[in-house]
Amino acid sequence: MNRSSRVVGVLLSVYLVLLLVALLAPESGRQTEAVLRFQHVLARIGIDGPRVTYDRLEVVSNALIVVPVALMGSVIRPDWTWRDWTAVAFVGALAVETVQGVLLPDRQASFSDVVANTAGALAGALLFRLVRPMLRAKGSAR
């Protein structure tokens, strides 16, 4: 493993810990505040209207928070395909939602979160496949 992969591995580890803290928190007040702030920022730049609802932004947010996992993970495991990342994300999201639904009474499990998290991992893996040729070209230019 080269130095840049090790750095990405550390960043991914920190990100995963923070993500798990947020996903397994006993209540979801801060996550709700984050989605509301996201909605406010979008409105300030002119992206608002009846279709930009809290529920839709929550789904988008749930997808976006997983994109970095598959993107950074693909740097470490470039042999994994988008199918691998999608499957891992589905199982991970299902586990998190099960914990939320069974063990955290102030949280609500949601299948739409499983779908959004899985879609986010797919997007991250595909994004890596898109930028991978650029990373190779940059590395060979040295």
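1. A word on the source and the overall fold. Please keep in mind that this is a predicted model. The chain has six helices and zero strands, so reading along the sequence gives the pattern α-α-α-α-α-α. Its C-alpha trace spans about 50 × 40 × 25 Å along the principal axes.

2. Burial and contacts. Of the 142 residues in the chain, 28% are buried. Among contacts with a separation of 6 or more, 69% are between residues 24 or more positions apart.

3. The core. The largest nonpolar core has 13 residues, and Val-69, Ala-70 and Ala-121 have the most contacts inside it. Two or more residues each come from α1 (3-23), α4 (67-76), α5 (82-103) and α6 (111-140). The element that gives the most is α1, with four residues. As general background, nonpolar side chains in soluble globular proteins tend to be buried together.

4. A closer look at Ala-70. Leaving out residues up to four places away in sequence, Ala-70 touches Trp-85, Ala-121, Gly-124 and Ala-125. If you want a place to start looking at the core, I would pick Ala-70, one of the residues with the most contacts inside it.

5. Salt bridges. How many salt bridges does a search of the whole structure find? There are two. One joins the side chains of Arg-37 and Glu-33, at 4.0 Å from N to O. These two residues are four apart in helix α2 (residues 29-44), which means that about one helical turn separates them. Glu-33 is partly exposed, with a relative accessible area of 43%.

6. The other pair. Arg-77 forms a salt bridge with Asp-79, and their closest N and O atoms are 3.2 Å apart. Is Asp-79 buried or exposed? Asp-79 is exposed, with a relative accessible area of 53%, while Arg-77 is partly exposed at 36%.

7. The largest pocket holds about 680 Å³ of space. Its lining consists of 27 residues, with Gln-31, Thr-32, Glu-58, Asn-62 and Arg-107 lying nearest the centre. The elements giving two or more residues to this lining are α1, α2, α3 (54-64), α5 and α6.

8. By residue class, the lining of the largest pocket divides into eleven nonpolar, nine polar and seven charged residues. Glu-58 and Arg-107, which are among the residues nearest the pocket centre, count as charged.

Methods:
Residues numbered from 1 in each chain as written. Predicted model: local features only at pLDDT ≥ 70, side-chain atom pairs only at ≥ 80, totals over all residues. Heavy atoms only, no water. Core = buried A, V, L, I, M, F, W, Y, C linked by side-chain atoms within 4.5 Å. Buried < 20%, exposed > 50% of the residue type's maximum accessible area, 1.4 Å probe, protein only. Contact = heavy atoms within 4.5 Å. 1 Å grid on protein atoms, 1.4 Å probe; cavity = no way out; pocket = protein on both sides within 12 Å on 5 of 7 lines; lining within 4 Å. Points joined across faces, edges and corners; volume = space filled by probe spheres on them.
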